[in-house]
Every structure is written in structure tokens, then in C-alpha cells.
Amino acid sequence: MTIAKKILPYLLAVVASFVAAGIFISLMGFDVFKAYQTILFTSFRTPNGFIQTLLKFIPLTLLALAFTIPLNAGKFNIGGEGQMMAGGIGAAAMGIMFADLPAIILLPLVILGGVVAGALWGLVPAWLLYKFNINEILTTVLFNFIALFLIDYVCTGPWRDPAAGHPTTVLIGRGGWLPMLVNNPPLHSGIILAVLVAIGVYIYTSRTTGGFELIATGANPRAAGVFGINTRRMFVLSLILGGAVAGLAGAFEVAGNQHRLIEGMQSNFLQLGMIIGLISRGNNGAVPFVAFMIAVLEVGASAMQRTMMIPVEMVFIVEALILLFVLLSDVVRRK
Amino acid sequence: MDTMIIEFLRLVLLSMVPFVLAGQGTMLGGRTGVFNVAQEGMMLVGASVGFLVSFFSGSIFLGIIVAMLSGALFGFALAYFTTSLKMNQFVIGLSLFFIGLGVSTLLPKLILGITLTPPLIPTLKSIPIPLLSQIPFIGPILFKQNILVYVSVLVSIGLWYFLFRTQKGLELRSVGEYPMTADSLGINTTKMRYWSTIIGGMLIGMAGAYLPMVYAGTFTEGMTMGRGWLAIALTFFGGWSPLPILYGSLFFSAIEVLAFRVQVIGSFLPYQILQMFPYIATILVMIFTFKRSRVPAFLGNNYDREKRSL
């Protein structure tokens with residue numbers, strides 16, 4: 001199949017959902033063309049817009065991978081949000097407890113703290129699945145809520161910043177801040193690491209034996225089992241890996257953006273990450289590209305809300321519609 | 001002390017309603033093999049629409065009806081994509097969850113604008129049942145509740161009777177166990193799956209509408225707080241049977257009320273730990289019940305009659 005033929009259903013899906021949403025927007029009495037212009041071009045008009053887009057691109061790519069890696073093994077990880085928050089807590093804990101260490105030790109410690117905490121948050125549902133066969137959809141979701149209250153506890157507990165109005169911890173040590181690539185507007189170097197992780201995941205799942213076992217498990221667990229792959233162990237591994245990647249996203253929010261732990265940092269990255277993962281159909285190579293596209297839409301959406309008073313949720317629905325149409329294109333092709 | 005216990009038990013029955021309705025809705029769809037995972041989104045839409053319609057029409061009853069219709073619409077979409085188009089149930093369920101999430105916040109923002117003081121609707125009044133509510137102790141707990149408490153109990157009993165005491169119910173259950181056999185016996189599996197998912201969606205929409213009508217008097221973003229997901233856990237806990245789901249929801253609701261009460265009274269534990277309690281308790285409960293839970297054999301699968309085997 002040629003590339004053009006591959007991309008065509010996606011293009012049609014995007015156009016169809018924009019048309020559907022456009023009809024609704026114009027019925028509400030808004031200017032559709034101005035709205036779409038804002039959504040599509042805000043990212044490219046100013047340097048600030050572009051950097052905003054890249055800053056969204058980082059957590060979106062990582063959270064999408066946190067969903068697709070388990071999906072490759074046939075498991076649904078809906079706990080990316082909790083794993084990201086756990087990662088943020090782990091990173092902040094390291095950065096606050098060892099605030100005086102020099103950057104060369106503290107920075108890796110902060111990042112590692114996030115990755116390990118995220119992996120642990122993925123490990124518990126994985127263990128429950130392995131040991132008791134409990135549906136991972138439920139446990140990963142429930143762990144989001146547990147993380148939500150845990151982050152509230154940390155942000156209002158002993159590390160709380162009394163000067164801030166919103167639940168927030170104090171700043172992490174200077175050594176834990178990710179170096180900046182561009183200072184004004186600020187872009188932290190986490191983006192390099194995020195891209196490297198995305199490439200690494202892609203190579204792992206498409207070019208290595210371990211990754212092949214993972215994909216085989218997802219494609220047909222019975223056949224994989226017959227060929228001697230321990231499928232249950234693959235489930236566990238995939239959920240831990242997913243958790244670690246989501247934890248990294250949390251660490252970046254702390255070490256790169258805020259330099260502290262803030263309640264609400266998870267935004268709606270979980271849902272967007274899952275939408276990206278599903279639009280990519282679990283193909284890790286496609287994830288960064290789809291994530292960039294969604295980041296563009298998201299930055300455009302908040303600009304649209306500011307200037308035209310159209311709620312950002314409008315764009316979220318467009319994204320969900322794109323997903324639905326992409327899924328539908330499968331059915332059309334099957335017939 | 002006595003009044004405290006009465007008040008506690010009364011609240012448990014009051015708070016069980018969303019669990020009962022969403023649990024029964026999930027169960028009904030699952031009994032024909034459609035595993036719904038969009039509850040959270042569907043409940044949010046039910047809450048949002050139910051609130052808006054009651055506010056503008058002044059009639060809570062109309063709000064509930066429209067919320068049920070919105071749930072039915074989602075149920076129909078789920079049935080169409082999974083049963084007619086044979087698409088993956090989890091993927092479609094998640095997509096519908098996203099759409100529900102977006103629609104539920106979009107509608108109030110578009111219709112009411114962004115306000116700091118959201119309008120309020122009157123909450124559901126309790127309807128004491130004559131004579132029965134006079135019984136000491138039991139009366140105020142069981143027979144001085146709002147209408148949906150009674151409805152949710154009646155729905156549960158009705159579903160039990162339908163599923164386990166009627167021919168149609170047996171046919172419906174067979175579709176979720178082994179659709180090929182059901183099909184060969186002349187049961188219309190497609191129709192069964194559509195209707196069970198649509199009516200299940202209505203119940204889930206009603207469960208959502210209950211939230212603004214009883215707790216806050218208004219819609220707030222994400223006000224379900226995971227109750228939709230907990231409903232799935234409850235359905236497993238209740239072994240996909242109406243009456244155990246009814247009892248199980250008492251347990252889920254008791255944990256919720258207890259965590260809230262202790263927070264109000266104050267304890268040595270930080271309040272966030274108490275807020276986590278319902279979710280942790282649910283996970284613990286699943287450890288003990290998940291393995292033994294009787295699950296419809298065909299749950300989560302799509303039936304294609306043109307395939308040679310299942």
C-alpha cells in the first residue's frame with residue numbers, strides 16, 4: 001500500500017470531524033472560519049505559540065506512549081494520569097529532600113524519582129492483574145483517583161508553599177531544574193529526552209526480540225503462549241513500562257516547567273494521550289506525529305477560547321470525533 | 001446514638017442510587033455480551049443534561065427523562081458500533097467516554113456561559129410513605145426517601161424478575177453466554193443486544209442525573225468522581241446479577257458515606273486519606289471477589305453470525 005493510500009483515511013477523518021464540528025459552531029452563532037484559523041495557525045504565527053505547542057507535545061507524546069505500550073500487549077492502561085502524578089510526586093520529593101545537591105547528581109535523581117514512582121504506580125495494577133486476574137482497566141483508573149488525593153496531601157502537607165494561593169509545594173533545589181534550550185519563551189531540554197524515549201520505544205517494539213514478544217502477546221495471546229512467551233509476564237512488563245513513561249512526563253512537569261509540584265498539573269493529558277494512542281492505532285512510530293497535531297489543536301483551542309469565547313471543550317470533541325472517524329475508516333475498508 | 005445510626009443508614013440508602021442504577025445498566029448490557037466502559041462519560045452527560053433541563057423547564061421530572069434519553073442515545077451508539085459494525089468494545093466505549101466528558105462540560109459553558117455563581121435547582125424531596133414511615137427505626141431509614149431511591153429498588157427487583165423468571169429474560173441471558181446457540185434457536189441476538197444496551201444506557205443516564213438533583217443542586221465538572229468506574233467494579237462484585245448488585249451498592253455507598261462522615265467529624269487521619277478510602281476499598285474488595293465472580297461467558301465480544309466459529 002502506498003503512503004498516500006495509508007494517509008487518506010486519516011485526512012478524511014480529520015476533514016469529516018472538522019465539518020461536523022463546523023456546522024455545530026456556526027449554529028451556535030460563531031464565525032467558523034475565524035475559529036478554525038485560530039485553531040490551526042496559532043502554533044505557527046509566533047515563536048511563543050510554537051514553543052507552547054512543543055511544551056504540550058512533550059507530555060502528550062509520553063502519555064500516549066504510556067497507553068500504547070500496554071496496548072501493544074493487549075492491555076488498556078487508563079492510569080496514565082495517576083502514573084504521571086505519582087511521577088511528579090517522586091520527582092518533587094527528590095528535588096525537595098536533596099535540594100542542596102549539585103545538578104550533576106540532583107537532576108538525574110529527580111528524573112529517576114519520577115520514572116520509578118510512575119513505574120510503581122503501574123506495577124500495583126499489573127501485580128493485581130498477575131496475581132488475582134483483576135481487570136486492569138478498573139484498577140488503573142482507580143489509581144488515578146488515589147494519586148489525585150495523594151498529590152493534594154503532598155501539596156498541602158509539610159512541603160507546602162504557604163505563600164501560594166493554590167495547593168503547591170516549595171521549589172525544588174536549583175540543581176534539579178532541567179537546563180533550558182531556549183530562554184525566552186522558555187523551552188526546557190526535556191523535549192530532547194522525550195523524543196529519544198519515543199524513538200527508543202519505537203525501536204524496542206519494532207526491532208527487538210523483547211518488543212516482538214510484547215506485540216505477539218497483544219496480537220494473539222494464545223499463539224504467543226504456545227510459542228513459549230510468558231504472556232502474563234508481558235502484561236506486567238508492559239504496564240510497568242507504561243507507568244515509567246508517564247512518570248517521566250510528571251518529572252518533566254516538575255523539573256522543566258514549574259520547578260515545583262502543583263495540584264492540577266495533569267490537565268487532561270490522560271484523555272488526550274489515549275486519543276492519540278488510539279488514532280495511531282497503537283503504532284508507536286506514529287505517536288509523536290499525532291501528538292504534535294493534537295498539541296497544535298490544543299494550543300489553538302485555548303487561543304480560541306481567549307479571543308472568541310468558544311469553550312476549549314469544543315476542540316476536545318473534535319479530537320474525539322477524529323478518533324471515531326479513524327476507527328470507522330477501518331470498518332469501511334473491511335467491506 | 002440511635003438518631004446517628006438512623007441518619008447514617010438513611011444516607012447510605014440515599015447515596016446508593018447512582019451505584020444501583022449505573023450497576024444495573026452495566027449489568028443489563030453485559031448480559032447480552034456488550035461490555036460498556038463509557039459509564040463515567042454517560043453519567044456526566046446525564047448529570048449535565050438533567051441539570052440544564054430541570055433548570056430551564058423547572059421540572060426535575062423532565063430533567064430525569066431527558067437525561068435518560070441522552071443515556072439511551074449513547075447506548076444506541078455503543079450498540080451500533082459494536083453489534084452492527086463489530087468494532088472493539090473497549091475502544092468504542094473509551095471514545096464514547098471522551099465524547100461524554102467533552103459534551104458534559106461544553107453544554108453548560110455554552111448555555112449558561114462561564115459564571116462564578118452557577119444557578120441552583122431544587123433538590124429531590126423525600127416522599128414519606130404513609131403508615132410505613134411511622135415504623136420506629138426502620139421507617140425513617142427505608143420509607144422516608146426521595147422517589148429515585150424507591151425507583152432504583154423497584155428497577156432492581158424488576159430486572160431480577162425479568163431476567164430470571166421470564167422466557168424473554170432467559171433468551172436475553174443466553175445471548176450473553178453463547179450467542180451462536182441462541183441464534184440457532186431463533187433468538188434475534190442483534191435486537192437483544194440493542195435493547196439491553198439502550199435500556200442500560202437509560203439507567204446509567206438516570207444515575208448521572210441523580211447527582212446534581214440530590215447532592216449539589218448544580219452541575220460541576222467531573223462531579224461523578226469515578227462513580228461510573230466504581231459501577232463496573234460493583235457489577236463484577238455483584239456477579240452480573242440484579243439483586244447482588246443491589247446489596248453490593250449498599251456496601252459501596254456505606255464506604256462513601258463513612259469516608260465523608262469521618263471527614264466532617266474529623267479524625268487523626270489526613271482528610272485526603274479518607275477521600276482515597278472508597279477507591280482503595282474497591283480494589284481490596286475486587287481482590288476477594290473478582291475470581292469468584294460469575295461473568296457472562298461472551299462478555300466483551302462481538303458475535304458475527306457469518307463466521308464459522310466464535
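Colleague: Which residue forms a salt bridge with Glu313(A)?

Modeller: A salt bridge is a side-chain nitrogen of Lys or Arg within 4 Å of a carboxyl oxygen of Asp or Glu. In this predicted model, Lys109(B) pairs with Glu313(A), and the closest N and O atoms are 3.1 Å apart. The rule finds one salt bridge across the interface of chain A and chain B.

Colleague: Which elements give two or more residues to the side of chain A that touches chain B?

Modeller: Helices here are DSSP runs (H or I, at least four residues), and strands are E runs of at least two, numbered from the N terminus. The elements are H5 (103-132), H6 (136-156), H11 (269-279) and H13 (313-334) of chain A. H6(A) gives the most, with 14 residues.

Colleague: How many residues does the contact take from chain A and chain B?

Modeller: Contact means heavy atoms within 4.5 Å. Chain A gives 45 residues and chain B gives 42.

Colleague: What is the area buried between chain A and chain B?

Modeller: Buried area is the accessible area (1.4 Å probe) that two parts lose on being put together, summed over both. Here the value is about 4000 Å², with 85% from carbon and sulfur atoms. Leu138(A), Leu142(A) and Phe149(A) supply 16% of the area that chain A buries against chain B, more than any other three residues.

Methods:
Residues numbered from 1 in each chain as written. Chains lettered and ligands numbered in written order. Predicted model: local features only at pLDDT ≥ 70, side-chain atom pairs only at ≥ 80, totals over all residues. Heavy atoms only, no water.
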